[in-house]
There are 2 protein chains.
Amino acid sequence: MATSAEVARLAGVSRATVSRTLSGNARVSAETRRRVEAAAATLGYVPDVAAQSLSGGPSRTIAVGFFADDTWALSQLTKPKHYFYLNVLRSIEAGAAAAGYDLLLPARPPDPETSGSYVRGLRARRVAGTIMVACPPGDRRIQALLEAGLPSVFVDAVATGPCATWVASENREGAQAVTRHLIELGHRRIARITGTETDPSGGERLRGIRAALAAAAIPEDPGLYRRSDWSTEGAYHAANELLAARPDLTAVVAESDMMAIGVLRALHEHGLRVPEDVSVTGFDDIDLAAYALPSLTTVRQDTEAMGGGAVKALLECLDGGHAPAPVRLPTELVVRRSTAPPAR
Amino acid sequence: MATSAEVARLAGVSRATVSRTLSGNARVSAETRRRVEAAAATLGYVPDVAAQSLSGGPSRTIAVGFFADDTWALSQLTKPKHYFYLNVLRSIEAGAAAAGYDLLLPARPPDPETSGSYVRGLRARRVAGTIMVACPPGDRRIQALLEAGLPSVFVDAVATGPCATWVASENREGAQAVTRHLIELGHRRIARITGTETDPSGGERLRGIRAALAAAAIPEDPGLYRRSDWSTEGAYHAANELLAARPDLTAVVAESDMMAIGVLRALHEHGLRVPEDVSVTGFDDIDLAAYALPSLTTVRQDTEAMGGGAVKALLECLDGGHAPAPVRLPTELVVRRSTAPPAR
DNA sequence: CTGAAAGCGCTTACAG
DNA sequence: CTGAAAGCGCTTACAG
């Protein structure tokens, strides 16, 4: 690896001038610029990132945390049940790359007790900021992040501070819209399967479902409610329970597409047709929603805007020194083949 | 952030002693060790990674590249059609975390012409080594990596060097086994839909399919072959083409589960039942394979062993200075509900 | 516009 | 076993 000293020698200037020329934020004569850039190109010079950040330069690294089941690691993100967040991660990466940032996936021990050391680990790596996905509210690690003043953007979580803000979908409105869709089709006995309680978006969606039921004067029926864990398998079991307890249900609202896929299987095994016998809805509109049998009626989240908005907000924190206002992103009802008027 | 100087002051020793104590690879008196560790704990001291690597210490960072469609970025990995590799990434992360390594997802411009700068970017970040997933053979970026001597492990790709090795499944054997399964059920007109040509595992699987057909003396029939791109959508279209051109087919071998899901939809839309009218097989055994309707007969790849093996091989490169031998991992035929004897 | 100097926080021979 | 010193490669005031 060539160093700035070698580039300086070849260009006949000082190391300081090399640094100024390549960083772009200082005035350099046109002739000097030309010589330095030529020398850098010849030697294939790339500044050492460790040295750069050690001497006060920007680190150009964003840490991404994903946060579920009391663990804070990418391994969570790669779990099938969190498939949706992959699309968010993709747009985070695209946004970060466009701004010249690398992504760091910290491999710190996920012990909740060591929230302080987690944050210190991020500092030790000189990350510019963090994007934290799906943090349960009140988790002490959020506090540690806020106290440390590390610029942070929370996705699908709500936390604010001088250097912290959040981005999330209109979960309540989306769930309300899809439930209303079922009600308008004529459904009254609508079962719902939710994700984990600690997840804020799960709670928001449940409130949306309830609001739609209340608006139609359909009384609350706890027997039609099951809580699951966002997984296909968990929803499959929950649906089996519901079908055993309440064979009169005519529709199932699942709070994610992956859960809806589990519901479809449970209905299939009970010999029930979708949508003729039972309607099913999902949430997220992952790509597989269109390939489910039947294709899923669902609520689309704008993953581009979620990830891109998170990066944009973080860059604003970094540049401006303080966090922009939180963002709520609109959702969209997508009607496909898994919903129809009730027959029973 | 506390520095080693502050820890040294509090412990009443020199910075050198702090470094020696905490790095663990030097003799220190028990009393000194106790004082230094107490001081470090009190101050919440975490060594600055940039300074560490600048002064010759290990960087404790592994770069992960994913490589498809001529792009080299995580964004590829998060594409639905590469869903399978998520499980590999998960085991890479677990292995790296266990060894105390963070994962870096470099956000370099994915221009194939700049393979040199890609590698220099990794060096500039002082990554200890790289794990590259699904690189097409002969890509110049592989060459750049080998020439730079950066310790590298290739997953689902074949490249070796003094500091480079690879890990892959027994793709040929797996594809041969699932095709043989269909033949033993009585199928003769077996269509196959493969992934991209440049992908080595795609070619290996195709060879396995052909070997099984040849062993049963079933002549090669180009009309029953379509190449796709690993995506659900692409396989859906390929299956539609096959059904239009060759309505006499009785089975479809898809080279991935995600493609098989697209095939299931195409058959469904043609009013064909699976497995009564047509049998379908996948490859990978992703979690969704069991939740497809019907559940998929497929070939299981050991993602734990792939990711874990890649990390293990890389650590051996790092410690031993040269790469261990390549690894082929056994696959396993998983028979579910999407295959049956042909009726037509 | 450009150079000489100091410093970022750590580690590692070199002495003792 | 421990300390003083040099150095990793860069950037940024400070002079000119």
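Modeller: Start with P294(A), which sits in the loop between β10 and β11 (298-300) of chain A. This is a predicted model, so every value here is computed from it.

Biologist: What makes the peptide bond between L293(A) and P294(A) cis?

Modeller: Its omega is about -5°, and the bond joining L293(A) and P294(A) is cis. Chain A has another cis bond, between V274(A) and P275(A), with omega about 10°. P275(A) lies in the loop between α12 (257-269) and β10 (279-281) of chain A. Most peptide bonds are trans.

Biologist: Is D156(B) buried or exposed, and how do you know?

Modeller: Buried means under 20% relative accessible area. D156(B) has 3%, so it counts as buried.

Biologist: And is A217(B) buried or exposed?

Modeller: Exposed means over 50%. A217(B) has a relative accessible area of 60%, so A217(B) is exposed.

Biologist: Now the sheet in chain B. What is the order of its four strands?

Modeller: The order is β8-β7-β9-β10, the pairing is parallel, and the sheet is open.

Biologist: Why do β8 (225-227) and β10 (279-281) of chain B count as edges?

Modeller: Each has a single partner strand, so one side of β8(B) and one side of β10(B) have no neighbour in the sheet. On average, neighbouring strands of this sheet are turned by 15° against each other, direction ignored.

Biologist: How do you know that β7 and β9 of chain B pair?

Modeller: Pairing needs at least two bridges. Strand β7 (residues 190-194) and strand β9 (residues 251-254) of chain B have four, in the parallel sense. In this pair, A191(B) stands opposite V252(B) of β9(B). Helix α9 (residues 171-185) of chain B packs on the sheet and touches β7, β9 and β10 of chain B. The direction of α9(B) makes about 175° with that of β9(B).

Biologist: How many residues surround DNA strand D, and which are closest?

Modeller: There are 25, and the closest are S4(A), R15(A), R20(B), R27(B) and T32(B). The largest share of the surface near DNA strand D is four residues from α2(A).

Biologist: What makes S4(A) a polar contact of DNA strand D?

Modeller: The cut-off for N or O atoms is 3.5 Å. A backbone N or O atom of S4(A) is 2.4 Å from a phosphate oxygen of DNA strand D. S19(A) qualifies too, with a polar side-chain atom 2.5 Å from a phosphate oxygen of DNA strand D. For Q52(A), the distance from a polar side-chain atom to a phosphate oxygen of DNA strand D is 3.0 Å.

Terms used: Residues are numbered from 1 along each chain as its sequence is written. Chains are lettered from A and ligands numbered from 1 in the order in which they are written. This is a predicted model: local features need pLDDT of at least 70, side-chain atom pairs count only at pLDDT 80 or more; totals for chains, interfaces and linings use all residues. Side-chain values use heavy atoms; hydrogens and water are left out. Helices (H or I, at least four residues) and strands (E, at least two) are DSSP runs, numbered from the N terminus. Axes are lines fitted to C-alpha atoms, for helices over the stretch in contact, and angles run from 0 to 180 degrees between N-to-C directions. Contact means heavy atoms within 4.5 Å. Buried means under 20% relative accessible area, exposed over 50%, partly exposed in between (1.4 Å probe, protein chains only). A residue is near a molecule or strand if one of its heavy atoms lies within 4 Å of it. A polar contact is a pair of N or O atoms within 3.5 Å; within protein, one must be able to donate a hydrogen and the other to accept it, and residues adjacent in sequence count only if both atoms are side-chain atoms.
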